Amino acid sequence: MARLPRLKLAHHVHHIIHRGNNRQVVFADDQDYERMHALLVEAALKHKVSVHAYVLMPTHFHLLATPAADGALPLLMQAIGRSYVRWFNARHGRTGTLWEGRYRSTVIEPELYLLDCMAHIESHPQRHDLAARASDWAWSSNSHHLGLRHDRLVSSHALFWSLGNTPFAREAVYAQRLEAGLNVATAQVVSASALHGWALGGPDFVSALELRTGRRATRASAGRPRSVNKQG
């Protein structure tokens, strides 16, 4: 099945996943993580992309972000991808590709899925036995959202701010949601949507995206695929 053209829409929240080639390590130590974090801060500011949540894992990373223009997110990913590969290869004495082709992403409906995506992203280190608690992992936005430290990369989404009238109230509500965890079905939908480029939202949200972009925004049904306009 041909891969869907990537959605890249201004003022929409995107869930992005970028993996190392053949699941290879892309962050070997703290210095690597620090370099990627710095590149993300610089590129997000330059290309006007608001990063609402993120996690850097040894073999991949996730972002939850809203670009201010249709082309801003690809520009950010291109900038950090190329810069980091040059730096990583020089530092570790290697050559060749680092990433698994192009990054994967999709658009989500915030009212239905933003907090689930945040929890899914920030709980990765805990689920993969890299940390006892999500907040123990230094290379994610979780500590920022729990009020444990300020992360200059993070621009919290308005829906996160709506969790409470004070920082303490917001942090407490989000901590409870993170502790409760996602059910297996929701976690699978959140992950699969980004990996396959399926929009994550209700029927009206998906229909509006298809009308705007001229391409299918959900998993194809069985049978002959319908014709859609192709976009990069």
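Two strands pair if DSSP finds at least two bridges between them. In this predicted model, strands S2 and S3 meet that condition, since seven bridges join S2 to S3. The two strands run antiparallel and form a hairpin with three residues between them. Within this pairing, Ser50 stands opposite Thr66 in S3.

Thr66 lies in strand S3, which spans residues 60–67. Buried means under 20% relative accessible area, and Thr66, at 15% relative accessibility, therefore counts as buried. Leaving aside residues up to four places away in sequence, Thr66 touches Lys48, Val49, Ser50 and His52, as well as His11, His12 and Val13. With His52 there is also a polar contact of 2.7 Å between the side chains.

Helix H9, residues 203–213, presents another pattern of burial. Its buried residues are Phe205, Val206, Leu209, Glu210 and Thr213. Seen down the axis of H9, these residues fall within an arc of 135 degrees, so they line one face of the helix. Strand S4 (104–108) is included in what covers the buried residues of H9. On the other side of H9, Pro203, Asp204 and Leu211 are exposed. Just after H9, Gly214 takes a positive phi of about 70 degrees.

Technical notes. Residues are numbered from 1 along each chain as its sequence is written. This is a predicted model: local features need pLDDT of at least 70, side-chain atom pairs count only at pLDDT 80 or more; totals for chains, interfaces and linings use all residues. Side-chain values use heavy atoms; hydrogens and water are left out. Helices (H or I, at least four residues) and strands (E, at least two) are DSSP runs, numbered from the N terminus. Buried means under 20% relative accessible area, exposed over 50%, partly exposed in between (1.4 Å probe, protein chains only). A polar contact is a pair of N or O atoms within 3.5 Å; within protein, one must be able to donate a hydrogen and the other to accept it, and residues adjacent in sequence count only if both atoms are side-chain atoms. Contact means heavy atoms within 4.5 Å. The arc is that of the directions from the helix axis to the C-beta atoms.
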